[in-house]
Amino acid sequence: MTSSPSGHETTRPILSAQGVQRRFGGLTAVDVDEFAVRGGTITALIGPNGAGKSTFFNVLTGFDRADAGAWQLEGREVTGLPAYRLARQGMVRTFQLTRSLADLTLEENVLLAAPGQRGEGIGGALFGRRSWRRQEADNTERARELLARFGLEQMAGQPAGVLSGGQRKLLEMARALMSEPRLLLLDEPMAGVNPRLVETLLDHIRQVRAEGTTILFVEHDMDVVADISDDVVCMAFGRVLATGTPAEVMRDPEVIDAYLGSDEADDDDPAHLAGKGRQP
Amino acid sequence: MDLIAVLADAVRAAVGPQAAVFALAAVGLNLQFGYAGLMNFGQAGFMLVGGYGMTVSVTRYGAPLWLGVLVGLLMGFLLALLLGVPTLRLRGDYLAIATIAAAEILRLLFRSEAAAPLTYGVFGVQQFASDFYDLNPFGGGSYGIGRFSLSGGQLWIALVGWLLVAAAVALTALLVSSPWGRVIRAIRNDEEVVRALGKNTYAYKLQALALGGLMASVAGMVLALASQAITPDTYTADLSFYAFAVLLLGGVGRVLGPVVGAVLFWLLLAASDSLLRQAITSGVISDEVLSTSDVGPIRLALVGIALILFMYFRAGGLLSRRTPKTAATAKAEVAA
Amino acid sequence: MAALTGAPTRVRARRRRGPAWAIAVLCAVAAALACLLVDASPALAAGEVVQGRLVDAEDQPVPDVEVTLSQDGDEVASVTSGADGRWEIPVPAPGTYEVSLDEESLPDGISLREGAEASREVTVDPGGLRNVLFPLGQVETSGSGLGAALAQATLDGLLLGALIGITAIGLSLIFGTTGLINFAHGELVTVGAVVAFGLNAAGLHIVLAALVAIPVVAALAGGSELVLWRPMRRRRASQVSMFIATIGLALLLRQVVLVVYGGNPRSYEQYGLQQVWEWGPLSITPRDASILGIALLVLVLVGLTLTRSRLGTAVRSVSDNRALAGCSGINVDRVVFQVWLAGGGLAALGGVLYGLSQAVTWNMGFNLLLLMFAGVILGGLGTAFGAVVGSLVVGLLAQLSTVFFDSELQTVWALLLLILVLLVRPQGLLGLRERVG
């Protein structure tokens, strides 16, 4: 592993990847030779739009297939595992466009993430009622705590569809934490969130790290990244340009070049939105 | 016009075996579409394999009725695997087309000359259910109040049909209130989120498809038993559409929705049928405008109008508060 | 998105080119239909029917000849030809029958042509009319074998495929531009054929009747967009509910046709029975040859329109990315409306041609719909070229299967192909794999 930046203690990587490639027709969207996330850190994956960050993220989490490459979680080979199995191994992701399960209540949203619920099997649901009810009671207690931690306890019984955009971000974090991840992957957690909430989210992320969960998050706003990340990996044109501390990466001339002309405020540009084919 | 007769016709249909058959098919569809968001437009295919599985094993191979029922269930399960294993990874509307195509393939195969040695061809087979009616505890008399009555045989099959409906509803209620049910409801909302939380969504969808398919197979058996006849052309694509109409009428994603829907569906269908027929025979509607043979198609046209209006105004059905949504929809909205 | 789609800059000249394009297609169709005029004789039948007209080498009718229909050796019915040489036997159900001509009953001096068989296996499709010609006189005909059967099936398959293709373009383009799977598309085909039948029965020549039916169905399709689909899109109805609503519309239209038109298959007044043209092992009626010609011509015209015209470019860009097309000044609603008009018109044309080739039935559209799905998915949902290529493959497969298997199973093969494609390559032959995430 060459990715441990100077000035930091070297810890064993919780996630490492080698030679990961993803092509669409003639276009190579992702071509990452080396990538690693040190355990217990907050690592930011940055880069201008179209750099291949989200695609790389999707490949690592089993939501897209890789054309080449290998990656390991805590030293275990997890290359090409389906998304649900990666999640069970402790690698849980969120989505760029927050996706709450609108018809389920907030509490159900969080309960869904509880690992090892025996009532989720058809046999268990029908014949192990007493057993899963007990589990459910414990899980509900934890779910309430998590909702309270994110300030959503008042709405626990309401369908998630009524939440505002920012509240959905919080719910998604609460849900992801319910699954007790060892590595939490956040896809642009700050996108489309008002500045006040950004601070709250950043505090939550720091607290998650403090509890021992490693965090990898995708972000294209460098300012957000600077004061929260331990490590920064910058991607452009599908490749890793630079790896290091926030200060190191931001001084890197290649990184500055990559960001020139694609400023961070381009969310307001309608052509950019349309090009991504997404709603704001 | 004899409105009492209209009412008696309507009530007889609403509590009769036909309504139970549609309720069963719709309970299965509710599990698939209402809870898991799977667009199965081939419910008729599941009914067909259920009905034929039972009938053919009884008539061709002399199997006892209970074995026939097991064979019918097995057929339904196999069909679910055959359809689900390959298509549940695809987009939702592909599943819709694959299921409707599969149901149509089955119907065409079962009516073909080549398959006739097994399936009796276009004309099917009749009077095979004496084993079942031998068990009838009601005898041959007529039961009812005033103009509304059912024969002992009808009462027997209706009773069995509705008991099966009750069992299917109870099973659904148990399942959807469990963590399993939470997972499949979540899948309908957004499959990817559920995958990201460590659930094998594919397996859940397959389970929902198979369970709903089994219920439809049972519906197919009850239908065959009730009419003592089975022909391939009973199981046209329209039958699958009626199952949807029943579900929408009663309310998508509600445990009792299909039951309410089936009763209402047959109440309305039989009442409009009876009214129209009387109006034509009594001359209120001139038979130059409509003949009694047009009544069937007009009923179905009304079903069509009802489907359009439901979807236009209340996509969740008459008794529902919310609209059904699938992952495919959510994605399409994102892309829009 | 609505605000974006109403963007101020519009593609110039679309207003002029849109109708001009439609008129060009209509004129071409009219001209081609008019070329059909050969030997017009009335044919009106009820139920599935096997029929024919016996004429001698000088094209004079031959009456009082006995023709027998049997199945698996059992006689079903027997009739004698009328004064006009016509004979007609209703068939109890679709299937394979043997039709035989009693050579004893032929008048003196007339015999079967050399090589022609006195009895023939015929296959009657559901709801179909089957013409059987017993060539009388002295002209030679060629023998038959597997090669000949394959060649004939290929020709028939091209015809069927071209007809599916014409009707499937609309289905595919509507999906491409709106994401809606229109289950009522088959009924547009039926309505086209039935409207033309009504006009035809009232005395209008079928070519003129077709030219009226096409805009009528285009208006019906366009109307459904304005009354149902556009408002539903506006209120963000889910794809699923719109899909189910098209099923409702299909049921409604189909049953209305059944009440108004009735359940029996019927034929148009013109081009009912024709002497076949034979080239070696191939035989085709002038009617079917013209239909094939018209169908291929229309397919080429539609292809040119999509690639060369402003409208075509607009349609393709809307299919590609609705929002982006809206941003770049294309009036998306307008393009979608035009696609509905064109899709409806093509469906009606396909319906009339199919009705000419086979028979007009109340459920012909629904039967075609599944073949259209097969073609469209095989070619790749949303692409017009894919729809055409896929449809041709489906038509060929369906007809070629009849060489080896029962013809009543021809739809089964097409649908099996559909499912196979969904499994192996769901994006279709010409479609691109979707990019995820």
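I began at a charged pair: Arg254(C) makes a salt bridge with Asp238(B), with 3.2 Å between the closest N and O atoms. I keep in mind that this is a predicted model.

Next I asked how many salt bridges the rule finds across the interface of chain B and chain C. It finds 1. I then looked up polar contacts across the interface of chain B and chain C, and the rule gives 3 residue pairs, both residues at pLDDT 80 or more.

Which helices of chain B supply at least two residues each to the side that touches chain C? I noted α4 (65-87), α5 (92-111), α12 (237-250), α14 (295-313) and α15 (327-335). The largest share of that side comes from α5(B), with 13 residues. I sorted the residues on the side of chain B that touches chain C: 37 are nonpolar, 5 polar and 9 charged.

Then I turned to the extent of the interface. I found 51 residues of chain B in contact with 48 residues of chain C. About 4400 Å² is buried between the two chains, and carbon and sulfur atoms give 77% of that area.

Last, I checked confidence. Chain B has a mean pLDDT of 86, with 93% of its residues at 70 or more. Which element of chain B has the lowest mean pLDDT, and which the highest? The lowest is α15(B), at 40, and the highest is helix α11 (residues 201-227) of chain B, at 95. I also marked residues 321-336 of chain B, where pLDDT stays under 50. For that stretch the model has 39 contacts beyond four places in sequence.

Methods
Residues numbered from 1 in each chain as written. Chains lettered and ligands numbered in written order. Predicted model: local features only at pLDDT ≥ 70, side-chain atom pairs only at ≥ 80, totals over all residues. Heavy atoms only, no water. Contact = heavy atoms within 4.5 Å. Buried area = accessible area lost by both parts, 1.4 Å probe. Salt bridge = Lys/Arg side-chain N within 4 Å of Asp/Glu carboxyl O. Polar contact = N/O pair within 3.5 Å; in protein donor to acceptor, adjacent residues only side chain to side chain. Helix = DSSP H or I, 4+ residues; strand = E, 2+ residues; numbered from the N terminus. Nonpolar A, V, L, I, M, F, W, Y, C, P; charged D, E, K, R; others polar. pLDDT = per-residue confidence, 0-100.
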